[in-house]
Amino acid sequence: MRRILSLCLMAALMAAYFAPGSASAQSTFAYQADYSAVLANPERGFHNRYEIIDDVSVNDYASSATSIAGFNPDMLDRTFARAKQSGNTLIHSYIHLDKFKDVDQLPQALLDNLASGLAAIREAGLKIVLRPAYEWSGTPNVPESRILSHIAELNAVISVNADVVNHLEAGYLGPWGEWHSCSFCDPFNRQQADTRFRVVKQILATTPVTIPVVIRYPIFIKELMELPTPSGTTALTQEEKDRIGFHNDCFLSDSADMGTYDNNSWMGWYYVEEKKQWMYDLATSTGANKMVGGETCNSSGSNDSAGSNVQTEMSLLHWTEINEDYAEVNLDIWKNANLAASGHDPAETAFTRLKRKMGYRLTLDSASFDTSGSPGGTIAFSAELDNDGYAGPIKPRPLFLVFENDNARYEVELSGIDIRLWKSGPVSIPVRNVQLPSAMLPGVYKLALWLPDYYESLRGNPAYSIRLANAGLWDADRGYNVLHEAVVISGEPSAPAAPANLSAAAGDGAVQLSWTPSAGAEDYTVLRSEVSGTGYQLVADAIAGTGYQDSGLTNGVAYYYVVKANNNIGSSGNSNEASAVPLAASAPAAPGGLTAVPGNNQVALSWNAVAGAAGYSVYRSDISGTGYVLIANQASGTAVVDYGVSNGQTYYYVVQAYNAGGSSGNSGEAQAVPQLVELQIDTFGDPSAFSGKTNDLNESIDWTMDNAYYGSDAAGNIILNSGSAGQYFRENINGSLAGSTNLVLRLRDWWDSDSEQHWDIVLNDGSDHTAGPLSQYGNVSTAYADIVIPLADFQANLSNVSSIKLVHNSSTYAVLLVDSITAN
């Protein structure tokens, strides 16, 4: 940047701005709100549906020959003229995988066409919502392993283009990817819950943290948040949980939104109102709103002609985006509902009100700041805003003060502000002292508030910046909101201060450096020496960030580093010195103690932890000592369950530990033959104090029931009478149920009184683990029936089970007849 203003001109400007009677340096400015304009702000509002993959060779739906509800040739328009004409900033597209249900690897043509479609989104200044689906309205049957593989392939492309991906709808499962009517969509099936978890975990793990992932049903959102981590995957991190939101695809269709809130599950039964409240309360761990969106469907049972319900529900749900193309029955209601002026809202149609208020709508009420300053100095800044929208911004983005004139532009970030916490209502930016760049040229600057995209790749396009809902502030060419036309900067610019807190971490042939930012720095220079305190040589220059990896080094040699900060005036002195000695990483030792416990179409593996291991690789073979094939890689834990096996076949396993230095050798080999084994816990075949059961696993029983006595059924049974909560019947096991999948209780009721709701089952492994009530797993009538409880529901250590108890959970009198307790 060049010095433009002459000293004479500067003197004249200073005299004008500090003449007697002029304003003081710090001032408070009020701004006029605009409550009526519809603003085309990013990442919110109505979306339009397109086919982002326009190659008919990989997408049958990119042709008018395929009948899709509402299909229009302009869905293939990669200028997105219809959406832009409507003032919308979001596009929605399916990724149709119909052709690839039976293919393990997606064709490159599909991935390339997806990439070119996302490039077109970027060119148009828009963002996209994506939903992969294997069928339009049919019921796909795709194995889990193939789904997980396809997720990884698609998300590799999506991640490269994450800047224009607004969010992902989980998809893949069921017709339209809506998570119903499929082999993994039964909410009452506990094992299918594990698959649902692994699908979502795979989506989250293979995409950046900036991309929310929304789920179709509240019951599945609750399941994901509370489910114990299934085998073959890792737990959801808090960051991943914070990314999970909600998409309702039958918004306001009826009292439960056509099944959206109807579903109950293996976790229990919940009222519609409870599930709605879950979604009203949906929030991140920091208190920000989550992504909520979707569409309506061809029913309007809870939509009203006055347009009241949609406003109430969108406000309660903190709604951000919805489909403008479907369904007309609801869209027409909103377009024809004339709303009276209320509060800040003008008289308008419900449709226009939604278009204004969906997601965030930020208004600047006032700002206080110094109207003069000096290079390297500070100015005080604070502001009061109001969010008149239904939600806060969902995705992260930075906040800058921009100082700009015809000759120079300086962007000063207001760090530490998370605009995702700018939820509906008043918003404050507390007073902060903002440090100006030390190299800032003297002059008169326009001051603006700039909220650009999180991704630097989009910051040059004003379409991706947030426009405040104020009159006269928006600069459409630059994409910022002008607060003041004349902030005077006087004084001589200077070089930046030296960077602080330089640290060096050794690696294999490399050293990773990091330091704290230096005020006024435009970039940094790294220097290195093999002698402490002297002889530094240039390693890298013009480094934009505050970190650098120096590679190609010799292991065992000590290296010493300093860093300088640079701007257009000059360079700082050296930072503190930091040193490190690169060392080659060594592979960990092989794991010991590998065991393989067979079960029903599964083998449970466990081994001892290895010091220095970053993770473990598990291998399986059909032949002892050779032919091992990788079946699992996991970064934590020393146990895994292999579900890819068949009963009656012998399998051989080894495990390797790995880290940055490589992999260990094989562990000792373990083998197992999975098989369906029914383990009799008790068949109640002996009336003599219920003892002497030589073929049973149990050792003894005890109870606190009103009565527990031997029954008269030919097969033998026990009859439990209880009229008080907490009374129990206990089977002492003191053994292992590892390798078993289910606990099976063969039961009947004395009379058909729905008594199953009054009983829980408790498994003890040193502490109690409860599942139930029994009604969660089936109905008990006057005829014997098997109640099957997945052992995984107990979240217990199955290798050391002390006892199993049937516990009466209410004061309602109940009589339960138990014929047998088995595990398989």
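A residue is called buried here when its relative accessible area is under 20%, exposed when over 50%, and partly exposed in between (1.4 Å probe, protein chains only). The model is a predicted one, so local features need pLDDT of at least 70 and side-chain atom pairs count only at pLDDT 80 or more, while totals for chains, interfaces and linings use all residues. Residues are numbered from 1 along each chain as its sequence is written, and side-chain values use heavy atoms, with hydrogens and water left out.

Turning to charge pairs, the structure holds 40 salt bridges, each being a side-chain nitrogen of Lys or Arg within 4 Å of a carboxyl oxygen of Asp or Glu. One of them joins Arg397 to Asp453, at 3.8 Å from N to O. Arg397 sits in the loop between strand 14 (378-387) and strand 15 (400-404), and Asp453 in the loop between strand 18 and strand 19, so this pair ties together parts 56 residues apart in sequence. Strands here are DSSP runs (E, at least two residues), numbered from the N terminus. Asp453 also meets Lys127 in a salt bridge, at 2.7 Å from N to O. Because Lys127 belongs to strand 4 (residues 127-133) and Asp453 to the loop between strand 18 (443-450) and strand 19 (474-475), that contact ties together parts 326 residues apart in sequence. Lys127 is buried, with a relative accessible area of 2%, and Asp453 is buried too, at 1%.

Another pair is Asp819 with Arg746, whose closest N and O atoms are 3.9 Å apart. Asp819 is in strand 46 and Arg746 in strand 41 (residues 742-749), distant parts of the chain that lie 73 residues apart. Asp819 is buried at 12%, whereas Arg746 is partly exposed at 30%. Elsewhere, Asp345, Glu348, Arg353, Arg356, Lys357 and Asp388 are linked in a salt-bridge network.

As for sheets, three strands make an open one in the order 21-22-25, with antiparallel pairing (two strands pair if DSSP finds at least two bridges between them). Strand 21 (500-506) and strand 25 (547-551) are the edge strands, each with a single partner, so one side of each has no neighbour in the sheet. Five bridges join strand 21 to strand 22 (residues 510-516), and Ala500 has Thr516 in strand 22 as its bridge partner.

Finally, Tyr813 lies in the loop between strand 45 (801-808) and strand 46 (814-823). Tyr813 is partly exposed, at 41% relative accessibility.

Methods: Helices (H or I, at least four residues) and strands (E, at least two) are DSSP runs, numbered from the N terminus.
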